[in-house]
Amino acid sequence: MSPVFPMLTVLSMFYYICLRRRARTATRGEMMNSRRAIESNNRALPINVEIVQYAKEVLDFSSHYGSENSMSYTMWNLAGIQNVYPSSGDFTQTAVFRTYGTWWDQCPSARLPFKRTPPNFYSQDYVELAFEDPVYPTAVHILETYHPGAVVRVLACSANPYSQNPPAEVRWEVLWSEAPTKVNGPQARQFTPCIKQINFPTNLIRLEVNSSLLDYYTELDAVVLHGVKERPVLSLKTTMIDMNDIDEDEDEEKDGGGMESLNKQFSVAALKEWPTNGYFDKLPYELIQLILSHLTVPDLCRLAQTCKLLYQHCCDPLQYIHLSLQPYWARINDTSLEYLQSRCTLVQWLNLSWTGNRGAISVSGFSRFMKICGSELVRLELACGHFLNETCLEVIAETCVNLQELNLSSCDKLPPQAFNHIAKVGSLKRLILYRTKVEQTALLSILNFCSELQHLSLGSCVMIEDYDLIASMMGAKCKKLRTLDLWRCKNITENGIAELASGCQLLEELDLGWCPTLQSSTGCFTNIARKLPNLQKLFLTANRSVCDTDIEELAANCTHLRQLDILGTRMVSPTSLRKLLESCKDLSLLDVSFCSQIDNRVVLELNASFPCVLIKKSFTQ
């Protein structure tokens, strides 16, 4: 055979690899032609015409600044066409997440991070959007109207939320991801990340955000999905291709991006036979354990397939004392939990937040896992776990006898009666019920039996009828309470505040943001200042009645104050703020946005006099 034929074969293979690489990384202009059209009246379109769609519906999200009974600052504003763009500024018609910056991690309620979190996992919040028609995406436009730069990942899902027949397997594909970056200025922009091509049509897009580098809340107005009905043909144009990139991507495909073949990696069947264990036989067991403690979960699974010695080390339950599966939420299912059972018999911290949705984890699969692995659990994170039901909470209460921290944030599918089981976990010290349907009877029972509570979040819990009664029970039973979140509590009055301040004098953090029934004229804020001298964080957001007297009482009594939010008050003068800043030497965050007496000139003067304090002043233009 002529030597030219092997060479042609090699060149053909190289060309094929190049085409595959271009399918993943080519720019939108290289992948598709520029013809576009908006589909209307459901008429059939040529396959080379691009469809442009705005989000039809918001399916799920992890948090939002707004109320559950309103549209202002809520994620639901992302449905439909833009309301604000291209204007810049703070507008109620946009979607806003609950937090920004790093101050959230510096307050008394902050939780310790999980070890072994992959360095490329930056996501803090998410929102999932449904579109009318499944398409092969060619572009995603994100209209950001205030403090842009929070989006760090865009994903597409193979499941059609409007289909009557759910698929046997749900796939999520990352269209684009990047580390958080600082954007200069708060002005509006259209963000169009360079997305990769995928091999299935989608009408479900997920945005994940990280707001840690932002100077204020990011605001999103709309998301526009561009795509075509038929899978596009690859462009045959040639470009410079980095051979290192090809190698990396080929490895990613074999590994499934680190987690695609996670269940296979958990399996013992993949174990390889090696004649010796190399130099690892000479190392002490403890030293190998220490080395392996720096690996992520997928890396442990890969390493376990190399030899029997390392398999034993990688399966040692001591490697799984702290286990966070949140970074791998898209790949975790019943099979994953089954393979992990034997390794997690000693697990103390477990993070299953964001996992298991759309049928990935069943009630029976979760229950089996908890019955085997829950006895040593101290901390359990289940935020946005929409697979949870009453049976799951019953199993947690029965098996997790040592549980001290339980996070059910945004588990808004849990029925109200399910929360009654939490009262059986008398060892609880931290309970997060943000955006849940917990009702008054269940919450009173929890407060009565969980007297060790130190951290409690009831933000946006709209099913509670009488917060004064709840506050009275806290004051009587929860003497160790250190942090309390009552964000958007609609009916607490000065009576409840009086009971709370008298009984919970160890409070260091109190969030009363957007509580409209509290009025300064009743003395409720003065009462807080005088009876809670340990306060480090106090949020009185959007309470128009906060006045100079309240600020001066805080200056006189709460000298440890670090964070204060009085956004929206009309009654506070620059003089009282200066007294506060002079008295509270540890103050690091002061939000005076929309305070009518505090203009930009005053903020500049205060910033010059107190450079260690971050004084926030929002604007609308």
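Here are a few friendly notes on the predicted model shown above.

1. Some ground rules to start. Residues are numbered from 1 along each chain as its sequence is written, and side-chain values use heavy atoms, with hydrogens and water left out. As this is a predicted model, local features need pLDDT of at least 70 and side-chain atom pairs count only at pLDDT 80 or more, while totals for chains, interfaces and linings use all residues.

2. The overall picture: the chain has 17 helices and 22 strands (DSSP runs, H or I of at least four residues for helices and E of at least two for strands, numbered from the N terminus). Of its 621 residues, 54% count as buried (under 20% relative accessible area; exposed is over 50% and partly exposed in between, with a 1.4 Å probe and protein chains only).

3. Do look at helix α16, residues 574-583, where the buried residues are S576, L577, L580 and L581. Seen down the axis of α16, these fall within an arc of 140° (taken from the directions from the helix axis to the C-beta atoms), so they line one face of the helix. They pack against α15 (548-557), β20 (563-565), β21 (589-591), α17 (600-609) and β22 (614-616), contact meaning heavy atoms within 4.5 Å.

4. Leaving aside neighbours within four places in sequence, N527 is in contact with A498 and A501.

5. L287 belongs to helix α5, residues 285-292. Because its relative accessibility is 36%, L287 counts as partly exposed.
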